[in-house]
Amino acid sequence: DYSALLSNPDAISTPGDTYTAKRPTLNPDGLPGAATVFVNEAGTRALGNTIFVLPTTDAATRSINGARQALGTVIHDADAQPAPVGANGTAAAGMSPDGSKAVTVVMFTEGRTFATLKFDAAPNDPVASAQATQAAQQQDALIKKTPV
């Protein structure tokens, strides 16, 4: 059970907005790890938080490299940029391919873990990159102190 690796809703600091966590999913996509979704009170923003615990650091690096290549499936014209979080930190923001929502993704590796934080919001209310990075840094800190 890797659910202890998941950060709590307090990691998402939005002034005047409170988030709650849905029940964690263990072994998402059939891989060791955990995932959850945090939703704000108004139901207008959501954060999907997924952590995979892979057999090796190289496997985690291969996973993030593959995810970078697939960013265009979640963000139209995704332009991945380095992010100051974990190893291989990457961030991208923009509109979903169908234009229905603003999407911000921050992903990173830490040892043999690969983590993705995907923020969804209304098209006119994107999550700021600094806020997304801060949440990812808090997630990284928790992974570092939790043995896997």
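Mentor: Please bear in mind that the model is predicted.

Trainee: How many aromatic pairs are there, and what makes the pair of Phe52 and Phe114 stacked?

Mentor: The count is 1 aromatic pair. The ring centres of Phe52 and Phe114 are 6.4 Å apart, and pairing requires centres within 6.5 Å. Their planes stand at 20 degrees, whereas the stacked class takes angles under 30 degrees. The pair is therefore called stacked.

Trainee: Why is this pair said to tie together separate parts of the sequence?

Mentor: Phe52 belongs to strand S4, residues 45-53, and Phe114 to strand S8, residues 113-121, so the pair links parts that are 62 residues apart in sequence. Both Phe52 and Phe114 are buried.

Trainee: Which residues line the largest pocket, and which strand gives the most to that lining?

Mentor: The lining consists of Thr50, Phe52, Ala67, Ala70, Leu71, Thr73, Val74, Val105, Met107, Phe114, Thr116 and Lys118. Strand S8 gives the most, with 3 residues, and at least two residues come from each of S4, S7 and S8.

Trainee: What is the volume of the largest pocket, and how is its lining divided by class?

Mentor: The space in the largest pocket is about 170 Å³. Its lining has 8 nonpolar, 3 polar and 1 charged residues.

Trainee: Where is Ser96 placed, and why is Ser96 called buried or exposed?

Mentor: Ser96 sits in the loop between strand S6 (87-95) and strand S7 (102-110). Its relative accessible area is 4%, and the limit for a buried residue is under 20%; Ser96 is therefore classed as buried.

Trainee: How do you know that the side chains of Ser96 and Asp98 form a polar contact?

Mentor: The side chains of Ser96 and Asp98 are joined at 2.7 Å, and the cut-off is within 3.5 Å.

Trainee: Which residues does Ser96 contact beyond its neighbours within four places in sequence?

Mentor: Ser96 is then in contact with Val74, His76, Lys101 and Val103.

Trainee: Why does Asp29 count as exposed, and Asn88 as partly exposed?

Mentor: Asp29, in the loop between strand S2 (25-26) and strand S3 (33-40), has 72% relative accessibility. Exposed means over 50%, so Asp29 qualifies. Asn88, in strand S6, has 31%; this value falls between the limits of 20% and 50%, so Asn88 is partly exposed.

Definitions and conventions
Residues are numbered from 1 along each chain as its sequence is written. This is a predicted model: local features need pLDDT of at least 70, side-chain atom pairs count only at pLDDT 80 or more; totals for chains, interfaces and linings use all residues. Side-chain values use heavy atoms; hydrogens and water are left out. Rings of Phe, Tyr and Trp (its six-membered ring) pair if their centres lie within 6.5 Å; planes under 30 degrees apart count as stacked, over 60 as edge-to-face and the rest as tilted. Helices (H or I, at least four residues) and strands (E, at least two) are DSSP runs, numbered from the N terminus. Buried means under 20% relative accessible area, exposed over 50%, partly exposed in between (1.4 Å probe, protein chains only). Contact means heavy atoms within 4.5 Å. A polar contact is a pair of N or O atoms within 3.5 Å; within protein, one must be able to donate a hydrogen and the other to accept it, and residues adjacent in sequence count only if both atoms are side-chain atoms. On a 1 Å grid over the protein atoms alone, a cavity is a set of points where a 1.4 Å probe fits but cannot get out, and a pocket is an open set with protein on both sides within 12 Å along at least five of seven lines; lining residues have an atom within 4 Å of a point. Grid points are joined across faces, edges and corners, and a volume is the space filled by probe spheres set on the points. Ala, Val, Leu, Ile, Met, Phe, Trp, Tyr, Cys and Pro count as nonpolar, Asp, Glu, Lys and Arg as charged, and the others, Gly among them, as polar.
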